[in-house]
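Subject: Structure handover

Hello,

Here is the structure I promised to pass on. Please open it alongside this email.

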Amino acid sequence: MNASQAAHPVWPEWVYPYSAGVTGGLIGGMGVALVGAGYGLISGVGIWLPVNLVAAAVLRQLQLQSLGEIARFNPLALGTGLILHAGISIALGAMFSFLLPALPGRPLFWGPVIGPLLWVGASVAALPVINPVMSANLEIVSFAIANGLYGLLLGWWIDRTPMVRVSR
């Protein structure tokens, strides 16, 4: 055993690259967006409401509007919501890839477990403060389906990515 191994005896020899978590997070985020748009169509609230609710975290004037006004097409809200959602999806995917070496088994198993937990944790911890209008209007069934899909896509992408040897 060399000095490096003695200092870090639990480091794995092979890991999934962090870039796989970033890409998987983005792919999972696209799945979430599709579920949100689908929910908007099926429920009758329109496809713009979910993304506009996300944008309300930054565009505070949206929080002063009625739900009907928020549900209208707004190019600034669309762009802001998509960028914000993509950023959060990528950040949570990166967090998942950082956690993977500590988890036994494959990412395809852990993605649908940890992915939704990261989203729910972030939502419960921050959403009521950062975006109260989204917190008050979050549709729990579509949120659960979207986050389950996020974790499944995230885990699937990382699982199909070749592992890399850890350099010490």
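Below is what was found, from the overall fold down to single residues.

**Overall**

Please keep in mind that this is a predicted model. The protein has eight helices and two strands. Along the sequence they follow the pattern α-β-α-α-α-α-α-α-α-β. The C-alpha atoms fill a box of roughly 65 × 25 × 25 Å along the principal axes. Of the 168 residues, 38% are buried. Among contacts with a separation of 6 or more, 75% join residues 24 or more positions apart. The accessible surface comes to about 9,200 Å². Carbon and sulfur atoms account for 73% of that surface.

H5 has 25 residues. Its first and last C-alpha atoms are 36 Å apart, close to the 36 Å expected at 1.5 Å a residue. H5 has buried residues that include Ala77, Thr80, Gly81, His85 and Ser89. Leu92, Gly93, Ala94, Phe96 and Ser97 are also buried in H5. What do the buried residues of H5 pack against? They pack against H2, helix H3 (48-55), H6 and H8.

H8 has 20 residues and reaches 28 Å from its first C-alpha to its last. That is close to the 28 Å expected at 1.5 Å a residue. The buried residues of H8 include Ser142, Phe143, Ala146, Asn147 and Tyr150. Gly151, Leu154, Gly155, Ile158 and Asp159 are buried in H8 as well. Their cover includes helix H2 (18-43), H5 and H6.

Setting aside neighbours within four places in sequence, Ser142 is in contact with Val35 and Tyr39.

**Nonpolar cores**

The largest nonpolar core has 15 residues. Which of them touch the most other members? They are Phe96, Tyr150 and Ile158. H2, H5, H6 and H8 each supply at least two residues of this core. A second, separate core has 13 residues, including Val54, Ala55, Leu127 and Val133. In soluble globular proteins, nonpolar side chains tend to be buried together.

**Salt bridges**

How many salt bridges does the structure hold? There are two.

One joins the side chains of Glu13 and Arg165, at 2.2 Å from N to O. This pair links distant parts of the chain, 152 residues apart. Glu13 is in the loop between helix H1 (3-7) and strand E1 (14-15), and Arg165 is in strand E2 (residues 164-165). Glu13 counts as partly exposed because its relative accessibility is 40%. Leaving aside neighbours within four places in sequence, Arg165 is in contact with Glu13 and Trp14. Compare Arg165 with Ala126: they are 39 residues apart in sequence, and their C-alpha atoms are 36 Å apart in space.

The other pairs Asp159 with Arg106, with the closest N and O atoms 2.2 Å apart. Asp159 lies in helix H8 (residues 140-159), and Arg106 lies in the loop between helix H5 (75-99) and helix H6 (107-130), so the pair ties together parts that are 53 residues apart in sequence. Is Asp159 buried or exposed? Asp159 counts as buried, because its relative accessibility is 15%.

**Surface patch**

Tyr18, Met95 and Phe98 form a nonpolar patch on the surface. Together they have about 330 Å² of accessible area. Met95 lies in helix H5. Its relative accessible area is 39%, so Met95 is partly exposed.

Best wishes

Methods. Residues are numbered from 1 along each chain as its sequence is written. This is a predicted model: local features need pLDDT of at least 70, side-chain atom pairs count only at pLDDT 80 or more; totals for chains, interfaces and linings use all residues. Side-chain values use heavy atoms; hydrogens and water are left out. A salt bridge is a side-chain nitrogen of Lys or Arg within 4 Å of a carboxyl oxygen of Asp or Glu. Helices (H or I, at least four residues) and strands (E, at least two) are DSSP runs, numbered from the N terminus. Buried means under 20% relative accessible area, exposed over 50%, partly exposed in between (1.4 Å probe, protein chains only). Patches are made of residues with over 30% relative accessible area and no salt bridge: like charges are joined within 9 Å, nonpolar side chains (Val, Leu, Ile, Met, Phe, Trp, Tyr) within 5 Å. Accessible areas come from the Shrake-Rupley method with a 1.4 Å probe; for residues, only the protein chains shown count as cover. The expected span of a helix is 1.5 Å times one less than its number of residues. Contact means heavy atoms within 4.5 Å. A nonpolar core is a set of buried Ala, Val, Leu, Ile, Met, Phe, Trp, Tyr and Cys residues joined through side-chain atoms within 4.5 Å.
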